[in-house]
Number of protein chains: 2
Amino acid sequence: MVTTSEAEALEQHPELADLCPMPDIAKLIGGKWKLIILQILIFKGTKRFNELRRMIPGVTQTMLTNQLRALERDKLVTRKVYAEVPPKVEYTATQRALDLEEMFHAMHNWWLRAGD
Amino acid sequence: MVTTSEAEALEQHPELADLCPMPDIAKLIGGKWKLIILQILIFKGTKRFNELRRMIPGVTQTMLTNQLRALERDKLVTRKVYAEVPPKVEYTATQRALDLEEMFHAMHNWWLRAGD
DNA sequence: GATCATAGTCTCGAAAAAGATACTGAAGAT
DNA sequence: ATCTTCAGTATCTTTTTCGAGACTATGATC
């Protein structure tokens with residue numbers, strides 16, 4: 001199958017250079033759960049693991065752990081472990097994640113407008 | 001596996017009601033290609049099928065067709081077929097898609113800020 | 001007469017994402 | 001004594017997504 005490379009695409013369509021790279025963005029906030037998690041942590045503040053789990057319909061422990069770990073790696077959430085029994089772990093949105101607020105608002109406005 | 005239902009989640013956390021439904025939004029603009037396609041049609045205007053194909057690195061005919069069909073079903077793009085040989089088909093962003101401009105800008109700003 | 005371009009469709013298979021299930025260990029409640 | 005809570009890990013299976021390749025029609029070009 002013949003597909004276009006990044007270099008070719010830019011060569012033939014130089015005006016594409018000013019569009020931001022969706023694939024890179026998707027790596028950070030793509031997938032089924034990341035936006036839901038971020039939305040809660042950004043707008044509702046710090047949450048514990050099981051709190052998040054109960055707030056997100058359908059998510060499994062496995063997926064929640066995976067996604068939180070990925071978000072942590074990408075510096076979008078911080079994880080704080082308390083040395084208690086039973087365990088207590090809190091997740092908080094970083095400044096980098098809080099900067100997404102504007103995007104979430106734009107999305108919300110669009111959804112409201114589109115929904116009629 | 002015990003997961004939370006939508007009803008349970010809202011019952012236990014009524015403040016979630018004002019967050020917009022990410023799963024619904026993901027159905028419209030989620031996936032690997034839709035945002036890239038929309039970005040081009042919104043900011044660069046109407047394009048033909050093969051024009052899009054050359055502008056999007058790595059996309060195959062099959063996927064481009066699928067995604068454009070899905071976007072058409074969701075009234076985010078319109079498809080105009082010209083009765084010519086060789087075939088000519090043009091894709092254009094609808095007003096509903098154009099309303100996403102604000103969200104794209106917010107995303108872009110975030111990316112620029114985050115990228116240092 | 002062979003090749004190219006256009007905008008697809010169809011079938012098959014691979015890869016990635018998501019999900020189910022079982023397990024941990026220590027404290028507190030029933 | 002057993003059950004529940006908490007925040008996970010490890011392994012396996014299923015589902016969804018993605019992609020490769022061949023095929024179509026017609027007209028123009030080399």
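Modeller: A rotation of 180° with 0.0 Å of shift along its axis superposes chain B on chain A, at an RMSD of 0.0 Å. Copies are superposed by least squares on the C-alpha atoms of residues with pLDDT of at least 70 in both. This is a predicted model: local features need pLDDT of at least 70, side-chain atom pairs need pLDDT 80 or more, and totals for chains, interfaces and linings use all residues. Residues are numbered from 1 along each chain as its sequence is written, chains are lettered from A and ligands numbered from 1 in the order in which they are written, and side-chain values use heavy atoms, without hydrogens and water.

Biologist: How do you know how the two copies are related?

Modeller: The rotation is 180° and the shift is 0.0 Å. The two copies are thus related as by a two-fold rotation axis. In chain B, the C-alpha nearest that axis belongs to B:Met103, 2.8 Å away. Both copies use the same surface: 100% of the contact residues of chain B recur in chain A. Contact means heavy atoms within 4.5 Å.

Biologist: What makes helix 7 of chain A roughly parallel or roughly antiparallel to helix 7 of chain B?

Modeller: The angle between them is about 170°, with their axes 8 Å apart. Axes are lines fitted to C-alpha atoms, for helices over the stretch in contact, and angles run from 0 to 180 degrees between N-to-C directions. Under 35 degrees is roughly parallel, over 145 roughly antiparallel, 65 to 115 roughly perpendicular, and the rest oblique. So the two helices are roughly antiparallel. Helices are DSSP runs (H or I, at least four residues), numbered from the N terminus.

Biologist: Which residues of helix 7 of chain A meet helix 7 of chain B?

Modeller: They are A:Glu102, A:Met103, A:Ala106, A:Met107, A:Asn109 and A:Arg113. By class, the contact has 6 nonpolar, 2 polar and 4 charged residues. Ala, Val, Leu, Ile, Met, Phe, Trp, Tyr, Cys and Pro count as nonpolar, Asp, Glu, Lys and Arg as charged, and the others, Gly among them, as polar.

Biologist: Why is the pair A:Arg113 and B:Asp99 called a salt bridge?

Modeller: The rule asks for a side-chain nitrogen of Lys or Arg within 4 Å of a carboxyl oxygen of Asp or Glu. Here the closest N and O atoms are 3.3 Å apart, and the pair forms a salt bridge. A:Arg113 lies in helix 7 of chain A and B:Asp99 in the loop between helix 6 and helix 7 of chain B, so the pair joins two chains. The count over all chains is 4.

Biologist: What makes A:Asp18 and B:Lys44 another case?

Modeller: Their closest N and O atoms are 3.4 Å apart, and they form a salt bridge. This pair crosses from the loop between helix 1 and helix 2 of chain A to helix 3 of chain B. A:Asp18 has a relative accessible area of 47%, so A:Asp18 is partly exposed. Buried means under 20%, exposed over 50%, partly exposed in between (1.4 Å probe, protein chains only).

Biologist: How do you know how far helix 3 of chain A is enclosed?

Modeller: 9 of its 11 residues are buried, so helix 3 of chain A is largely enclosed by the rest of the structure. Among them are A:Leu35, A:Ile36 and A:Ile37.

Biologist: Why are helix 2 and helix 3 of chain A called roughly perpendicular?

Modeller: They pack at about 65°, with axes 8 Å apart. That angle therefore makes them roughly perpendicular.
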